[in-house]
Amino acid sequence: MSDFGLIINGERVATAESFDVINPATEELVAKCPKANAAHVDLAVAAARQAFTTWSQVSDEERKAAIHRIGDILEEHGAELAGMVTEEQGKPLVGFAGLGAQFEVGGAVAWCRATAELELPVKIVQDDETHRIELHRKPLGVVCSITPWNWPLLIAIWHVIPAIRSGNTVVIKPSPYTPLSTLRFVELANQVLPAGVLNIVTGADDLGPLLTAHKDIDKIVFTGSTATGKKVMQSASGNLKRLTLELGGNDAGIVLPDVDVDAVAPVIFATAFINSGQTCAALKRLYVHEDIYEAMCAALKGIADNASVGNGMDEGIDFGPVQNRPQLNIVLALAQDAENKGGRFLTGGVAAKGPGYFYPLTLVADVSEGCRLVDEEPFGPILPIIKYSDVDEVIRRANDNPSGLGGSIWSSDIARAAQLANRLECGSVWINNHAAVQPNVPFGGVKQSGFGVEFAAEGLAEYTSIQSVFIPK
Ligand code: NDP
């Protein structure tokens with residue numbers, strides 16, 4: 001028996017089997033989670049299909065109002081949801097620079113409100129004596145959302161809200177590591193939405209492939225690893241599902257010699273270690289000019305040495321644990337490789353003894369390409385600091401990576417930084433910042449970081465197809 005239930009067609013559904021959700025800070029049980037099977041998947045998809053016939057016809061104003069109401073309910077339940085996120089995901093309630101679980105819930109509310117207000121108006125492409133030709137945006141049908149464990153609630157909102165705003169219905173499957181805040185969000189949203197518009201299935205690793213191959217799903221929005229994204233794409237081909245793939249990143253940040261090191265170091269630190277580095281668009285490869293290299297290393301070490309790592313439920317904790325054991329093992333393997341290749345550990349580097357999947361904030365200097373920590377995404381609290389001497393060469397090195405999610409240039413010469421940023425091969429570039437996203441700006445990757453965008457009208461449009469309407473005069 002589970003403490004939670006699936007939500008299918010507006011009803012809470014109990015399952016015969018359940019699985020454990022573990023607190024990564026303590027390795028203790030947080031809750032039993034319902035384990036859905038193939039029959040539950042079919043029921044959820046059928047409910048969404050049925051609801052689509054009416055939800056797709058509901059007026060824009062009604063859908064907008066429903067989403068505002070969901071935002072209100074999430075805000076009313078903010079403390080409960082933030083506690084759930086901390087318990088299942090590990091990030092502190094407040095955290096370093098205020099980027100913890102409360103920030104995640106605040107972001108969820110903000111994205112509801114902003115997405116509710118987005119519009120996809122009819123576009124008139126021709127209006128003359130012979131024809132009026134209009135482009136209408138039509139919802140696609142049943143959307144399947146598959147979410148990861150790093151920002152579980154916020155990413156669920158990023159997928160679900162634009163899907164239903166544009167008239168689709170949804171079946172969401174959260175990561176089995178962090179299903180609880182999403183189960184609660186779906187339960188709360190069902191107080192507002194008609195039955196079947198938003199359904200959730202949780203379970204073991206067989207559920208994802210069942211959904212991605214399901215013949216009655218029209219689109220998949222997936223956030224996760226590049227390797228899994230490729231599998232999703234393959235399995236979606238059966239009925240030509242539309243795809244939005246937001247995959248991993250290995251974002252380069254390039255620091256020019258003209259920066260004020262003490263001014264930019266805290267921002268670099270916060271945007272690299274946000275959520276203990278478990279953020280797709282965190283700064284993951286820091287290239288620093290040789291003239292300021294040691295000064296930057298010292299400044300970042302000073303910040304890391306003063307930051308606390310611990311159970312996110314405890315007051316004053318800046319950073320939580322790595323979310324799960326396999327991810328901690330990846331971090332350990334990359335750290336070992338960096339050590340083998342002569343990396344200079346400025347701080348950290350030794351995993352704490354359990355309980356909890358803790359790894360200290362770790363800065364590794366004197367590493368370069370050819371070291372796994374530089375070439376691969378660690379997705380944990382460890383940052384390589386790479387020395388460079390020539391700007392053209394460092395742009396080439398930054399681009400010489402399969403990922404293309406984000407990138408940044410750090411300089412006091414904003415105009416020059418903007419020119420250099422333009423040469424980075426990635427979906428978002430920042431100047432003197434990194435990893436900042438907002439609901440009115442499209443966000444997405446290029447190269448093996450995926451395709452399609454989320455947020456803004458461009459992101460909303462991805463949940464629709466164009467119908468061209470030819471009206472004779
Ligand atoms: P995955 O990509 O494996 O998992 C993400 C989601 O996809 C989960 O809900 C998972 O569920 C599901 N999934 C896994 N396999 C399939 C499949 N064949 N078909 C459909 N759905 C599937 O990420 P991991 O959690 O394993 O993390 C691995 C790496 O991914 C990390 O090291 C990190 O580099 C990257 N990552 C990137 C994120 C981002 O924001 N871009 C977020 C999280 C991780 P289930 O576990 O049940 O299979």
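**Figure 1. A salt bridge between Arg-49 and Asp-218 in the predicted model**. In this close-up, Arg-49 forms a salt bridge with Asp-218, and the closest N and O atoms of the two residues are 2.6 Å apart. The pair links distant parts of the chain, since Arg-49 belongs to helix H1 (residues 38-55), while Asp-218 sits in the loop between helix H7 (207-212) and strand E10 (219-223), 169 residues apart. The structure as a whole, which is a predicted model, holds 30 salt bridges.

**Figure 2. Domain 1 and domain 2 of the protein chain**. The domain assignment gives domain 1 as residues 6-247 together with 447-472, and domain 2 as residues 251-431. When their centres are taken over C-alpha atoms, domain 1 and domain 2 are separated by 30 Å. To the contact between them, domain 1 contributes 28 residues and domain 2 contributes 34 residues.

**Figure 3. The area buried between domain 1 and domain 2**. The size of an interface is often given as the accessible area lost when the parts come together. Between domain 1 and domain 2 the buried area is about 2600 Å², and carbon and sulfur atoms give 60% of that area. On the side of domain 1, the residues that lose the most area to domain 2 are Phe-96, Trp-149 and Lys-447, which together account for 27% of what that side buries.

**Figure 4. Salt bridges and polar contacts across the domain interface**. Across the interface of domain 1 and domain 2 there are 2 salt bridges. Elsewhere in this view, Lys-447 forms a salt bridge with Glu-425, and their closest N and O atoms are 2.9 Å apart. Counting pairs in which both residues have a pLDDT of 80 or more, 14 residue pairs are in polar contact between domain 1 and domain 2. Helix H3 (residues 78-89) provides 5 residues, the largest share of the side of domain 1 that touches domain 2. Sorted by class, that side of domain 1 has 12 nonpolar, 10 polar and 6 charged residues.

**Figure 5. The residues around the ligand**. Of the 29 residues around the ligand, those that come nearest are Trp-149, Asp-205, Ser-225, Gln-327 and Glu-377. In the side chain of Asp-205, an N or O atom is 2.8 Å from an oxygen atom of the ligand. For Ser-225, by contrast, a backbone N or O atom lies 2.8 Å from an oxygen atom of the ligand. Thr-228 has a polar side-chain atom that lies 3.0 Å from an oxygen atom of the ligand.

Technical notes:
Residues are numbered from 1 along each chain as its sequence is written. This is a predicted model: local features need pLDDT of at least 70, side-chain atom pairs count only at pLDDT 80 or more; totals for chains, interfaces and linings use all residues. Side-chain values use heavy atoms; hydrogens and water are left out. Domain bounds come from an automatic or database domain assignment. Contact means heavy atoms within 4.5 Å. Buried area is the accessible area (1.4 Å probe) that two parts lose on being put together, summed over both. A salt bridge is a side-chain nitrogen of Lys or Arg within 4 Å of a carboxyl oxygen of Asp or Glu. A polar contact is a pair of N or O atoms within 3.5 Å; within protein, one must be able to donate a hydrogen and the other to accept it, and residues adjacent in sequence count only if both atoms are side-chain atoms. Helices (H or I, at least four residues) and strands (E, at least two) are DSSP runs, numbered from the N terminus. Ala, Val, Leu, Ile, Met, Phe, Trp, Tyr, Cys and Pro count as nonpolar, Asp, Glu, Lys and Arg as charged, and the others, Gly among them, as polar. A residue is near a molecule or strand if one of its heavy atoms lies within 4 Å of it.
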